[in-house]
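Please look at the sequence and the structure first.

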Amino acid sequence: MSRHLSSTGRLARLGLTDASRAADLVRSWPYDDEQYEQVLAYVARAADPDHTVGTLSNLFDTVDGLAERLLDDGGFTERLVMVLGGSKALGRHLVAHPDQLELLVEETERETPDALLARLLTAVGADPDDPTPTAIGSADQLRLAYRGVLLQIAARDLSHPDPTEIVGDIAAELSDLADATVAAALALARAEVGEPARQCRLAIIALGKCGSQELNYVSDVDVLFVAEPASEEVGVDTAIRVGTRLAAATSRICSAHTRAGTIWELDAALRPEGKAGPLVRSLASMENYYSQWAKAWEFQAMLKARPMTGDLDLAREFCTMIGERVWRVAEQDGFVNDARAMRRRVLEHIPAGQVGRELKLGAGGLRDVEFPAQLLQLVHGRVDERIRVPGTVPALKALTRYGYVGRDVGKQLAEAYRFIRVLEHRIQLTQLRRTHLLPNDEQELRVLNRGVPAGDKSTVQQRWRRTSSQVERLQQQLFYSPVLQAVSKIRTDALRLTTEAAVDRLRALGFNDPKAALQHVEALTTGVTRQAEIQRQLLPAMLGWLAEAPNPDHGLLAFRQLSESLGRTPWYLRTLRDEGAAARRLARLLASSRYVVQLLQRAPEAVQLLTVSEPQEPRTLAEWRTEMLHAAKRQDDPMKAVQAIRSVRRRGMVRIAGADVLGLIDVERLGSALTDLTTATIDAALSVMLRDYDGPSVALIGLGRWGGAEMSYASDADAMFVLGDGGDADAVRQAGAVITRLRQALTAAGPLPVEIDTSLRPEGKGGQLIRTMSSYRAYYARWSSTWELQALVRADAKAGDAELGAELMAEIDRHRWPEGGLTDDQLVEIRRLKARMEAERLPRGADRNRHLKLGPGGLSDVEWTVQVLQLQHAHAHPELRTTTTLTALAAARELDLIEAEDAEVLREAWTLSSRIRDLSMLVRGKASDVIPSDVRELSAVAELLGYGSAGASHLESDHRRITRRALHVVNRLFWDEDATTP
């Protein structure tokens, strides 16, 4: 061999890290240059070429003719080199037992379970055809035979170009090998126990990863032992005693360490009472324990139970018995929460030094794929036998196929699981040790990177971190699904109902028309489509959530209509099934608010707003304005542009109303949010209408509730328009035309029109629609009335040109806070105006005491009282110069202009009346200033206010009491009447 071919530089380029040692070794190989290159080309593909060179050198010294065979048989060479490079332990085994090199000569396919069983039984001298085979060989013969099969499995695994493709097949064959090994160990145990062994029928049941046919290379094999007498002449106690001897001997044979090697530990710790309980029980004893004493986690441990070896008929009897109980465990109280708590405890007990490296138990590891899949199976498998499949990847496929898991989620989890299992296999193969830790040694990581093809330039560590993060995110989505928890609380027999029983259950849930409700359920769940599959999962939970809300009948109808509208969209049902609390929120909204239902029917895509997992602050004015202007830019036609703006507003109303129904927003934030949305809508629409306008600037001043930032769902936008100076009469006409088109566009056919009310402008309805800045100055200097002065208390620049709006507001500020406060005549005029307004505007036949705005102690009473305080004192106290009622009331209290108790009474009355009015709109779907007289509607309002489902009378009582106290304060402060506290 030339010095060049054996140089350290050459070997280093081929991937060897200790090139000097390797060069010394390969110089002794019996090859010329061409032969050396031929063999070295295989070595360079090994995960650990250094170890491969060292072990090959040892084999060349002990195995005659091996060097020539490597040249003659490329398949044999590849398999041998890949095994030596992937497993130091198997390399040592081959050096100690070179005769097993023959097992690598032929490329092998997966052996059938029967073939493996026959092979290992034959190895220990037992008859494969005997129903209860007894061995005549030794345990070491079993260990060598086991290691031979393991060698062939590893060769097939390590030689495959993409191990993730066959990792499931490898795990299944390792499970078959475990079955055959335990069967052979039992045959040896029968020989050890002798004649008494015939007195016992011993069944061995596989659990855990072996039970699900997904065993690792090195893992405890979880089993359960069940014994019964072999004949009527044998007592149960005798059978248990003999069975215990057989089980103990079988376990010892599997776990013992000898010169021939070791297999693995046979672990029976999952048996009843754990290690403190008897190793072997009778079937009756098992049934008694699992009927009376077993905890939920013990049933979950039986999910993968499978007949393994021994008396298979007895094993099948046990699996049938336990299976009936396993598929009922999910209905136990707290089952889902207990499973989640168990997972959290496992994570908490991972040592700090292993966090981020634990492939099995760590966050984003194997357990985070297995646990959610098992939980979904246990909850939904109670009535759907199609998902009762062993194995994690097969379970994910079934759950995906039948709609319990999204296609993308199922695919991502399965791919992640296969990748992590390959990592686990490669790490265990190195020394054939039980480990699930990603190594942190640089050389070990280098070997792992060479042995696990990444498919891109990522390192194994990078791909692991990426994969574990993805698994952790998906696990949170599935494992903590409210739908899963809700369905688990429903008894299994309630999930399987006849038509008559279903009607009774719907009636018991609170549906007023259970037959109609059942028709909706049948319409949603009938068929074999994926949509119907997902609806069958959702509806048990949805019906319960709908029943918790005020109007479940209307909610179910709305859910059906919405589902028929959106059911074929790719995101709708996926969102409800997978996205946190979205389904529960939707149920609450649909069964509580006709207003929200109407909005969703017009803008069903707004359901996506429910996917936000945590309550959000209302969007800002700037955010709404930006979105609306962006939507308008895509439309050249002004009317279509305004329609686009109104579409954004509808989605905004869904967002705000939804938060209101769900109790995520208080009355002040609600008023501010509705005001910002209206302001953005008018401002964006005005910008559209001004596209071809070239006159002086235009601005809008908000008045009333718009100006005060306390709008309700039914509020108009009270406003007055101002035109910049510098134009002529024609400019005023052009600006007036723009305003007219703006108002028409905002009220054109379509949902949620925006009405701009200009009746509070100078001179009221008889005044000009728009005035110039100079005209406003002249008017306020000479002509304004007291009612106009009061209207200006809530004036604020809202839309259009900001500088022009600020200029007019500066002029308004010079007049609305009169020096010295109101004159006596002005105060009298305000009182007369209020009295006339209440007399004229109160609807004929209306119960004044139930009127939220004009009734005694209602909104009008509080607002006029606060405004008078502002007009009287704001000239001296700038703190009072605000457009918002509650802010002004708080300022007056701080300034001692009103007693703290009086201020609290007014605040409470204003808040309660505002909430009742807003919630009445949400419940009824139409505006009203009167407390609902319909008992169901009033009950719904009361429930949304937190009074409970039977709180209507309490709400009425509270309203009477609170407004009566407010009226007393108003009489003293506004009407200047003496009174005593009622």
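The second largest cavity is lined by L376, H380, Y404, Q477, L478, S481, V483, L484, Q537, R577 and D578. The model is predicted: local features need pLDDT of at least 70 and side-chain atom pairs pLDDT 80 or more, while totals for chains, interfaces and linings use all residues. Residues are numbered from 1 along each chain as its sequence is written, and side-chain values use heavy atoms, with hydrogens and water left out.

**Cavities**

- A cavity is a set of points, on a 1 Å grid over the protein atoms alone, where a 1.4 Å probe fits but cannot get out; lining residues have an atom within 4 Å of a point.
- Two or more residues of the lining of the second largest cavity come from each of α17, α21 (460-479), α22 (482-488) and α28 (572-578); helices are DSSP runs (H or I, at least four residues) and strands are runs of E (at least two), numbered from the N terminus.
- This lining has five nonpolar, four polar and two charged residues, where Ala, Val, Leu, Ile, Met, Phe, Trp, Tyr, Cys and Pro count as nonpolar, Asp, Glu, Lys and Arg as charged, and the others, Gly among them, as polar.

**Salt bridges**

- A salt bridge is a side-chain nitrogen of Lys or Arg within 4 Å of a carboxyl oxygen of Asp or Glu, and the count comes to 57.
- E370 pairs with K209, with the closest N and O atoms 2.7 Å apart.
- This pair joins distant parts of the chain, 161 residues apart: E370 lies in helix α17 (residues 367-380) and K209 in helix α11 (residues 208-211).
- D179 and R306 form a salt bridge at 2.8 Å, N to O.
- D179 is in helix α10 (residues 163-193) and R306 in strand β5 (residues 306-310), 127 residues apart.
- D384 and R386 also meet in a salt bridge (2.8 Å, N to O).
- A network of salt bridges links R110, R156, D169, E173 and D176.

**Burial of the paired residues**

- Buried means under 20% relative accessible area, exposed over 50%, and partly exposed in between (1.4 Å probe, protein chains only).
- E370 is buried at 4%, and K209 is buried at 14%.
- D179 is buried at 12%, and R306 is buried at 15%.
- D384 is buried at 7%, whereas R386 is partly exposed at 34%.

Definitions and conventions: 1 Å grid on protein atoms, 1.4 Å probe; cavity = no way out; pocket = protein on both sides within 12 Å on 5 of 7 lines; lining within 4 Å.
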